[in-house]
Amino acid sequence: MQLPAAFIQKYQDLLGDEALAFLAAFDGPVEKGFRVNPNKATTAAMHAKMDAPIAYSPIGYYGKVNGNALEHLAGAVYSQEPSAMTVGEFAKPELGERVLDLCAAPGGKTTHLLSYLQQTGLLVTNEINPKRVTALGDNVERYAARNTVITNATPAALAKELPGFFDRILVDAPCSGEGMFRKDHDAIQYWTPDYPAECATRQREILTEAVKMLKPGGHLIYSTCTFAPEEDEQMMAWLLATYPEFELEALPKTAGIADARPEWADGNPELAKAARLFPHLMRGEGHFIAKLHYRGTDTVKAKKVVREQLSAPQRQLWQAFERQQGLTSLSGLVLQAHGDQLYGVPELMPVLRKVKVFRPGILLGTFKKNRFEPSYALALASDGLGMTTVSISRDQWQQYVHGETFDLATSAETGFHVLVCDGLPVGYGKIVGKTVKNFFPKGLRFLATPENTEL
Ligand SMILES: C[S@@+](CC[C@H](N)C(=O)[O-])C[C@H]1O[C@@H](n2cnc3c(N)ncnc32)[C@H](O)[C@@H]1O
């Protein structure tokens, strides 16, 4: 791989004898990996692929999965480079926590956090870029989140409305991306010797806002996918110097994960508690991760939380749908109609006034004239809600994702049913007799074959 001469020189100076192995790793193979979602069923095809576990993640495996496979579309697996999985593992939230993923699209870390929150607490997942937030929405939907709000805001706008609110904040910062050069050759084009310092300026701005949103006793996790000390050890040295209430927590180092390098910043030995992931030392791309504990004591007055917003006719239609579906346990959500769309908003969510909300919660469905039409998101999130389901075969699933109407072997009760294939909810069908009318979202339809959907 053709690396910039200034880049080579910089890391020769920093790494000395180790530089040879470091630079050689850029010509090695890119490591692939995937995570299994512990909150969904595991299919036989998944079991067959789960043969190379990743030592530092109980839900991570080396190997490749297909984005068109049933398991991926139904949120049972997520394709993620193995080093990136350390972030979700080190950030692992406790059940019931209020968590913020501040730089979240396309959702690799968000889906990892969701796996561990198990529908409890609250996840606010934010992406500043309006184009990238759509992919985040798709992944949150696939992961069946009923505890998540998606915002499309600047860190400063969020910090104004949610000071001292979160137990845990992840800043997976925009960075110079040096750790991804092997995976994404185009990233090299953007690199100049000054680029890490430019990124560092933005990272300091983001962190300045992030710290305002932490509760006393909370945790801040900071990660990048770059080797640049300006964005890694030096960023943490700046944070510790600027905010003495923060202390680094030692991260467990296994499978080739290394200590961070205090000598690349101000020499503070505490910095070694953070982690460096180097491709010449482990099976993965380049990353840096630090976990900090906030010992501040100032508490902030609780904000008003969201309230139900539903007209009487809308409530009647929803209740009729609940009865028809056998839906019994949609707990922790406040119902809000936004226009004709009904959302289940996490009840822990404060009211936001000036923050752009991309999705206030899980979309439950749409009010049509005198009826309620359930959403794809609700079908995907139906595990454990006691709703009526109908099993379909892999062949029928291929017809379904192509948008076709198909027949069941025997007739079922007329109405909406969650279709389940290999134990995974895949969407809604409206059944009349044996015929299944297709409600798979039009924008997601594709011509599926056994070959192009194989996991
Ligand atoms: C490393 S990527 C996040 C990857 C994501 N966490 C994942 O695991 O899929 C960094 C993100 O930060 C966003 N970003 C860029 N500038 C930002 C800023 N000033 N404040 C907050 N986020 C920013 C980018 O749009 C990008 O999506």
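Strands β8 and β12 (residues 287-294) pair in the antiparallel sense through six bridges, and Thr224 stands opposite Phe288 in β12. Two strands count as paired if DSSP finds at least two bridges between them; strands (E, at least two residues) and helices (H or I, at least four) are DSSP runs numbered from the N terminus.

This is a predicted model: local features need pLDDT of at least 70, side-chain atom pairs count only at pLDDT 80 or more, and totals for chains, interfaces and linings use all residues. Residues are numbered from 1 along each chain as its sequence is written.

β8 covers residues 214-224, and nine of its 11 residues are buried (20 or more other C-beta atoms within 10 Å of the residue's own, with C-beta atoms placed from the backbone). β8 also pairs with β7 (residues 166-172), in the parallel sense over six bridges; here Phe166 is opposite Leu214.

An unreviewed UniProt entry lists residues 1-295 as "domain: SAM-dependent MTase RsmB/NOP-type". The span is 30% helix and 20% strand, and its end C-alpha atoms lie 45 Å apart.

Strand β21 (residues 424-432) is largely enclosed by the rest of the structure, because seven of its nine residues are buried. Its two antiparallel pairings are tabulated below.

The β20-β21 hairpin has two residues between the strands, and Asp422 takes a positive phi near 50°. The β21-β22 hairpin also has two residues between its strands, with Gly433 in the turn at a positive phi of about 65°.

Terms used:
A residue is buried if 20 or more other C-beta atoms lie within 10 Å of its own, exposed if 12 or fewer, and partly exposed in between; C-beta atoms are placed from the backbone. UniProt positions are given in the numbering used here, feature names are shortened, and annotations may be inferred rather than shown by experiment.
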